[in-house]
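Look at the sequence and the model first, then read on.

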Amino acid sequence: MFLFFSIMMSVTLVIIIPDVRIVQNFAYMFTLYFGLNDWPVVNQVLCIIGGFIWGASAMTFYRRKRADLVPGLHHPNMSFNKSALDMGARIVAEAFKRA
């Protein structure tokens, strides 16, 4: 039930809510004209972004349910590689030193 609701709301936010002004502003964007942006257009763009995020979360929920994964970062039967974590920490520390 949750998955069906999430997919329907995602489709609604991405396809049904926006109107022709989104396409119009996208076409004018190629000519570098941005004078037609007002609050309803910005609101529609935010709805589209929210719809994609909601759809991504529904897809993640579906994949985890299908694979019977427990909530968390990895499957419980996977082994944890500490050397990979150490290497990542060294890379991040070096990046902060150079920044």
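A residue is called buried under 20% relative accessible area, exposed over 50%, and partly exposed in between. The model shown here is predicted.

**Aromatic pairs**

A pair of aromatic rings is described by the distance of the centres and the angle of the planes. Rings pair if their centres lie within 6.5 Å, and planes over 60 degrees apart count as edge-to-face. The count comes to four aromatic pairs. One of them joins Phe 5 and Trp 54: the centres are 6.0 Å apart and the planes stand at 70°, so this pair is edge-to-face. Phe 5 sits in helix α1 (residues 2–16) and Trp 54 in helix α3, so the pair ties together parts 49 residues apart in sequence. Trp 54 has 29% relative accessibility, so it counts as partly exposed.

Tyr 28 and Tyr 33 form another pair. Their ring centres are 5.6 Å apart and their planes lie at 70°, so this pair is edge-to-face.

| Residue | Relative accessible area | Class |
|---|---|---|
| Phe 5 | 44% | partly exposed |
| Trp 54 | 29% | partly exposed |
| Tyr 28 | 36% | partly exposed |
| Tyr 33 | 42% | partly exposed |

**Gln 44**

Gln 44 lies in helix α3, which spans residues 39–67. Is Gln 44 buried or exposed? Its relative accessible area is 8%, so Gln 44 is buried. The side chain of Gln 44 makes a polar contact with the side chain of Asp 19, at 3.1 Å. Leaving aside neighbours within four places in sequence, Gln 44 is in contact with Pro 18, Asp 19, Arg 21 and Ile 22.

Terms used. Residues numbered from 1 in each chain as written. Predicted model: local features only at pLDDT ≥ 70, side-chain atom pairs only at ≥ 80, totals over all residues. Heavy atoms only, no water. Helix = DSSP H or I, 4+ residues; strand = E, 2+ residues; numbered from the N terminus. Buried < 20%, exposed > 50% of the residue type's maximum accessible area, 1.4 Å probe, protein only. Polar contact = N/O pair within 3.5 Å; in protein donor to acceptor, adjacent residues only side chain to side chain. Contact = heavy atoms within 4.5 Å. Phe/Tyr/Trp six-rings, centres within 6.5 Å; stacked < 30°, edge-to-face > 60°.
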